[in-house]
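Student: I have a new structure to read. Can you take me through it step by step?

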Amino acid sequence: MVRASCAMTLLLECGKPKAVEKYMRKLGFPDIHVRKTEEQMHKNPTKAIENNSTPAEMVRLFEWFYHHKDDNQYLAFIWKAMAECSTGLKRIPAAIPANARIVHKTDTGFPLPEGVQDMNDAGIILMPDGSYAIIAVFTTQLPSETVIADIARQLLEQ
C-alpha cells in the first residue's frame, strides 16, 4: 500500500481514509482498501491489516498512475516522492538493470512476536529505451528484503 509521506499527503488532501477509498472505487480499484490513518495504525498495529490491496490491483493502480502522473500537482508530488524513495533499496531496486530507474513505494508491516513481518514493494521500472515495467511483490512473514529482490529478478527475466 502507498503509505508514509505519500499516504499522509493523500489523506491530508483527499480527506479521511473513507474518502480515499471512495476515490479508489471511483477510479475502478475495488481491491484497494484504505481504512486507517498512519496514526491509527501506530496506535493499534493489529488494525493495520485493514489497509490492504492485492498485488494485481497495485499493478493496475501503478499502470493508471504512470499514465496520469502529470494530471495535477498531487499526482506529480507523489510521483516525485516515489522516484526519490530511499527505503527498500534492497528490494525491487536491487533487481533492476543498472541503467534503469525506479519509481516505487515500499511497505513494511508491524513485526510479529516471532520476529517476522510482511514486506512489500511495488514499482514502475523505467528502462533507458523509454519502455517500462510494473512490478508488485507482496510477501507475508518473510524476514528478508532479498526475497523481494529475488522475486523481482525472476519477474524481470520473463
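Tutor: Start with burial. Buried means under 20% relative accessible area, exposed means over 50%, and partly exposed lies in between. Keep in mind that this is a predicted model.

Student: Which residues of α4 are buried?

Tutor: They are Glu57, Met58, Leu61, Phe62, Trp64, Phe65 and Tyr66. Helix α4 itself covers residues 55-68. From first C-alpha to last it reaches 20 Å, close to the 20 Å expected.

Student: How many aromatic pairs are there?

Tutor: Rings pair if their centres lie within 6.5 Å. By this rule there are three aromatic pairs. In one of them, Tyr66 and Trp79 are tilted, with 55 degrees between the planes and 6.3 Å centre to centre. That pair links helix α4 to helix α5, 13 residues apart.

Student: Is Trp79 buried or exposed?

Tutor: Trp79 is buried, because its relative accessible area is 16%. Tyr66 is buried too, at 17%.

Student: What does Tyr66 form with Tyr132?

Tutor: A stacked pair: 3.9 Å centre to centre, 25 degrees between the planes. Tyr66 is in helix α4 and Tyr132 in strand β5, so the pair ties together parts 66 residues apart in sequence. Tyr132 is partly exposed, at 29%.

Student: Which residues do the ring pairs link into a cluster?

Tutor: Phe65, Tyr66, Trp79 and Tyr132.

Student: Where does the charged end of Lys69 sit?

Tutor: Over the ring of Trp79, 5.0 Å from its centre. Lys69 also lies over the face of Tyr66, at 4.3 Å from the ring centre.

Notes. Residues numbered from 1 in each chain as written. Predicted model: local features only at pLDDT ≥ 70, side-chain atom pairs only at ≥ 80, totals over all residues. Heavy atoms only, no water. Helix = DSSP H or I, 4+ residues; strand = E, 2+ residues; numbered from the N terminus. Expected span 1.5 Å × (residues − 1). Buried < 20%, exposed > 50% of the residue type's maximum accessible area, 1.4 Å probe, protein only. Phe/Tyr/Trp six-rings, centres within 6.5 Å; stacked < 30°, edge-to-face > 60°. Lys NZ or Arg CZ within 6 Å of the ring centre and 35° of its normal.
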